[in-house]
Amino acid sequence: MLRGGLIGCGFFAANQLHAWHDLDGVEIVAICDTDPARLAATGDQFGIAARYADAAAMLAAERLDFVDIATTPPSHRALVELAARHGVPVICQKPLAATFEDARAMVAACDAAGVAMMVHENFRWQAPIRAVRAAIEAGAIGTPFFARFAFRSGFDVYAAQPYLAEGERFIIEDLGIHVLDIARFVMGEATTLFCRTQRVNPAIRGEDVATILLGHGDRATSIVDCSYATPIHDDPFPQTLIEVDGDHGRMRLEAGYRLVVENRESIETRDVSPPLPAWGEKPWHGIQESVVAIQRHWVECLATGRAPATSGHDNLRTLALVDAAYRSAAEGRAVDVAPR
């Protein structure tokens, strides 16, 4: 039985704790949070007796096989490096770090300590997204040459996470990072990028709209299209909608988790709805189910010794796209994406 500890009992941590409970061969035996009330409430809800206000104390006192860091980005580097010093494999929430330099240092610390590191980049683990990738790998549309990945919504994300309205960076760093990772997952690595951003909501500091054009070498182009400023009557939140054109056909992941695959001879519609966990609720179930999937992958990786698909090294490539997007928007030009 793998023994895990969780640091940070905030907004998203309940999903992770529910998912750990669903998985065989793993148990969260200790939790940590600086807020006493939140720590007590989480411990009581999930029946976890070992509770700490200090992460160093938890790592010193507990025999852990891994630690799950579910705090905000400014705290990530210190916590990941702390876990590495204790020789404890680590999962860290996205965005991995406040700066690219911090992220690279965190990956290096885990490498030096010889411990596994995975970033909790769960969007690519959503069942509908994986269905798109599987259809492409099966040759359903031939070789892709164009794609669009759209997450457009008017959902009030600030109600549960008010800090999102306060940062100078918002939608690319918080949401676009997920969609850029999906673009990598489906279309491969990007080599060039052009980005425009907008701030439509005057009550926030950062950008709430971003349109990003990606060049995937000389073979394909994709568009990553994100908005939290779009009023939609039948809002598809939190679904990512996808179109992919190939040389033998095309596919569309539509609202309601419909995957339409067509070519010159036929058209087929598949239901790729994510399963609803027993503890889940609509419309969040697509994300909640992906938390189970990525954490199951982590358990399997620890058991086999293989690197996670969303390892620290892999996530540096997604962070490089985030960094390039902000640089492109600031400079008003296309930029090359440096290999990481």
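The model is predicted: local features need pLDDT of at least 70, side-chain atom pairs count only at pLDDT 80 or more, and totals for chains, interfaces and linings use all residues. Residues are numbered from 1 along each chain as its sequence is written, and side-chain values use heavy atoms, with hydrogens and water left out.

Helices (H or I, at least four residues) and strands (E, at least two) are DSSP runs, numbered from the N terminus.

I start with strand β5, residues 90-93. Val90 and Cys92 on one side are buried, and so are Ile91 and Gln93 on the other. Buried means under 20% relative accessible area, exposed over 50%, partly exposed in between, with a 1.4 Å probe and protein chains only. In a regular strand, side chains alternate between the two faces of the sheet.

Now the neighbours. Two strands pair if DSSP finds at least two bridges between them. Strand β4 (residues 66-69) runs parallel to β5, with three bridges, and aspartate 68 stands opposite isoleucine 91. Strand β6 (residues 117-120) is also parallel to β5, over four bridges; here valine 90 stands opposite methionine 117.

From β5 the chain passes through helix α5 (residues 100-113) to β6, in a right-handed β-α-β crossover. Right-handed means that, with the strands pointing away from the viewer, the path from the first strand over the helix to the second runs clockwise.

Last, helix α7, residues 171-187, has a kink of about 45 degrees centred on isoleucine 177. The bend at a residue is the angle between axes fitted to the seven residues ending there and the seven starting there. Why is α7 largely enclosed by the rest of the structure? Because 16 of its 17 residues are buried.
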